[in-house]
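Have the 3D view ready as you read.

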Amino acid sequence: MQNRTYTADAEPGETVTVAGWVHEIRDLGGIAFLIVRDTTGKIQVKFEKDDMDEELVETGLGVNRESVVEITGDVKEEPRAPTDVEIVPTDVAVIAEAEPELPLDPSGKVDADLSTRLDNRTLDARKEDVEAVFKIRGEVLRAVRETFRDLGCSEINTPKIVATGTEGGTELFPITYFGEEAFMNQSPQLFKQLMVGSGLERVFEIGPIFRAEEHNTPRHLNEATSIDFESAFYDHNEAMDACEAVVKAAYEGVAENCQDELDALDIDFEVPEGDFPRLTYEEAIERINATGELDEMLVWGDDLPTEGEKALGEDVGTHYFITDWPSEIKPFYIKDHDDDEELSTGFDMMHPRMELVSGGQREHRYDRLVEGFEQQGLDPEAFDYYTKMFKYGMPPHAGWGLGGERLIMTMLGLDNIREAVLFPRDRQRLSP
Ligand code: ATP
Ligand code: AMO
């Protein structure tokens, strides 16, 4: 529509054509108001019944809520109007009529359960607070991309149909690839590593990962967005520095550019300040045990249970890293410390509520890498496409993967990770 004016841009004295959804009709008798909503806000349209063309009034006030309308009229200053301006219409056209019964109330006055909301995402995302989540999600991705560029990274795209998994066999989605078994990609792990050995050296990718998680939890998806980083000649400490910079930049971007959206969400939003504390795994289990929240004490080699993560998160109170994990519970591609084979360079970055990131320095020595496959019960031959590049000059390198939806969810205090995805995939949900 060439002559369309956004509601937020309608200035008194102008004649404009606005287009949007009927948010509300308030009929007070002699006077009635139609509130039109578009992506920039809302505007009041005034119908003075006795002074206006009958057909115009009938069309304007006879329309169902949430219908799409196009309104032409004069913009007037009006202190009693919610935005201090209103339109006195000269032409009203109903572009797309909505049915009178809606599956949910986009004005947000009546709550709907999450399942109804996800089944009707178009209507759900007409609500200011829901729209705000996705505008903020876009801003987070922008800020993250810009920070990666400042760090000297190239953006890459790696395949999502792959021959092997990397993060544990049970979470793979098998597919048929021209009669051969293949899988949906669980992580760009091996591909991003292959690229640090190329002329690109430092790379990032923002893309989907697929995990056949059997369980239904508020923080797992079957299709998630992974924000991945990998750099040649970095160790695990430098990788953690980059991780901290990217997460802080995401918060800063939102603080700077999304005030209206934060207002719509009505949340306490704080950019994390200071360095994220770096606790060793050993310190982490000692602190968890000291909280007394777990029935059984954790011992060296245990993975951290969800309640343990929660107890530690409350204790620490900010984003933090857990470093120096036992080698046996980190994947084959993570490098051990040179002076202690039991101890890995793997790290996790945590929000007080949950894990956001896993990463580490990688094993770049061919012989050690192949040994690692064997120790994890994996057939190194199946990974030949990957391991062979380690024979042709693979630099030391490190990196990490950050769960995009978990970042948004924890940043905005959302209860369920599904609220951070437009069309989530979970055990029960394959459409829309
Ligand atoms: P008129 O304004 O033509 O005399 P009326 O007599 O039907 O129409 P009013 O008594 O003026 O209506 O107003 C009815 C209600 O609507 C009042 O509460 C008034 O404050 C409110 N109102 C009137 N005009 C506006 C406006 N332009 N924007 C917001 N509220 C308005
Ligand atoms: P990991 O498996 O820990 O590590 O995944 C990294 C981060 O991705 C997010 N994440 C998920 N988010 C929602 N639903 C899921 N099912 C899900 N699975 C993972 C989490 C998690 O911290 N290759 C390594 C990364 C690396 O070492 O570079 C990896 O994939 O926020």
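A polar contact here is a pair of N or O atoms within 3.5 Å; within protein, one must be able to donate a hydrogen and the other to accept it, and residues adjacent in sequence count only if both atoms are side-chain atoms. With that in hand, look at S358: an N or O atom in its side chain is 2.7 Å from an oxygen atom of ligand 2.

Before going on, some ground rules. This is a predicted model, where local features need pLDDT of at least 70 and side-chain atom pairs count only at pLDDT 80 or more, while totals for chains, interfaces and linings use all residues. Residues are numbered from 1 along each chain as its sequence is written, chains are lettered from A and ligands numbered from 1 in the order in which they are written, and side-chain values use heavy atoms, with hydrogens and water left out.

**Around ligand 2**

Which residues come nearest to ligand 2? Out of 22 residues around it, they are Q189, K192, R211, E355 and S358. A residue is near a molecule if one of its heavy atoms lies within 4 Å of it. On its own, ligand 2 has 620 Å² of accessible area, and the protein covers 93% of that. (Accessible areas come from the Shrake-Rupley method with a 1.4 Å probe.)

Strand β17 (354-361) gives the most to this shell, with five residues. Helices (H or I, at least four residues) and strands (E, at least two) are DSSP runs, numbered from the N terminus.

**Around ligand 1**

Ligand 1 has residues such as F33, K46 and R80 among its neighbours.

| Side chain | Ligand 1 atom | Distance |
|---|---|---|
| Q44 | nitrogen | 2.8 Å |
| E48 | oxygen | 2.8 Å |
| E86 | nitrogen | 2.8 Å |

For ligand 1, the protein covers 55% of the 600 Å² of accessible area that the ligand has on its own. β3 gives the most to the shell, with three residues, and β2 supplies at least two.

Two strands pair if DSSP finds at least two bridges between them. They form a hairpin with two residues between them, and F33 stands opposite K46 in β3. On to β5 (residues 85-96): this strand runs parallel to β3, with two bridges, and V45 has I87 as its bridge partner there.

How many cavities of 30 Å³ or more does a search of the whole structure find? There are three. On a 1 Å grid over the protein atoms alone, a cavity is a set of points where a 1.4 Å probe fits but cannot get out, and lining residues have an atom within 4 Å of a point. Grid points are joined across faces, edges and corners, and a volume is the space filled by probe spheres set on the points.

The largest cavity has a volume of about 70 Å³, and its lining includes V162, M184 and Y385.

Note on methods:
On a 1 Å grid over the protein atoms alone, a cavity is a set of points where a 1.4 Å probe fits but cannot get out, and a pocket is an open set with protein on both sides within 12 Å along at least five of seven lines; lining residues have an atom within 4 Å of a point.
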